[in-house]
Amino acid sequence: MDKQSKAEEAFIKKSVQEAGLLKPSLDFSQRVMTAVAKNAAAKTVYRPLITKPVWVLLGFMVAACILILFFFPSEGISLFDRWEWVKLSNIEFSVPTLELSKTVTYAIGFLVLFLVQIPFLKRTFISRG
């Protein structure tokens, strides 16, 4: 050890002996436990984003749609057939077709999935580190 570190060590030892040990007050434990109890009581209450009545309503709507489709099938009947003033069949347009091989289709699909995953993975790694 060099002279400076011995001097610092002696100074620290002397300072600690002069300061002495501090003892907490008698009700210290009680105050800590009271503060812990207050923090434990202040927990947030879980509230679902979609409440139970909304789920019930959605269930009834889905069930009603299924029952309507089952009991009233609509083969060949369109909503636009009932209104004669709406004629979409008079509008003619053509869309150019693009034929791709299965390999190119899979490559494009995997590229899209990869590019969609990048922001999610980046956010995950940032939150970890």
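The accessible surface of the chain amounts to about 13,600 Å², and carbon and sulfur atoms account for 68% of that area. Buried residues make up 1% of the 129 residues in the chain. These values describe a predicted model, and the confidence attached to it should be kept in view. The mean pLDDT of the chain is 80, with 81% of its residues at 70 or more.

The secondary structure consists of five helices and zero strands, so that the order of elements along the sequence reads α-α-α-α-α.

Helix 1 covers residues 3-19. From its first C-alpha to its last, helix 1 reaches 25 Å over 17 residues, close to the 24 Å expected at 1.5 Å a residue. Because the number of buried residues among these 17 is zero, helix 1 lies largely in the open. Glycine 20 follows helix 1 and has a positive phi, near 75°.

The side chains of aspartate 27 and arginine 31 meet in a salt bridge, with an N to O distance of 3.7 Å. The count for the model comes to one salt bridge. Aspartate 27 has a relative accessible area of 40% and is therefore partly exposed, since that class lies between the limits of 20% and 50%.

Leu49, Ile50, Val54, Trp55, Leu57, Leu58 and Met61 form a patch on the surface, and together they contribute about 730 Å² of accessible area. One of these residues, valine 54, is located in helix 3, which comprises residues 52-71. Valine 54 counts as partly exposed because its relative accessibility is 38%; membership of a patch requires over 30%.

The account closes with helix 5. This helix has 27 residues and reaches 38 Å between its first and last C-alpha, close to the 39 Å expected at 1.5 Å a residue.

Notes
Residues numbered from 1 in each chain as written. Heavy atoms only, no water. Patch = residues over 30% accessible without salt bridge, like charges linked within 9 Å, V, L, I, M, F, W, Y side chains within 5 Å. Areas by Shrake-Rupley, 256 points an atom, 1.4 Å probe, with all protein chains shown as cover. Salt bridge = Lys/Arg side-chain N within 4 Å of Asp/Glu carboxyl O. Helix = DSSP H or I, 4+ residues; strand = E, 2+ residues; numbered from the N terminus. Buried < 20%, exposed > 50% of the residue type's maximum accessible area, 1.4 Å probe, protein only. Expected span 1.5 Å × (residues − 1). pLDDT = per-residue confidence, 0-100.
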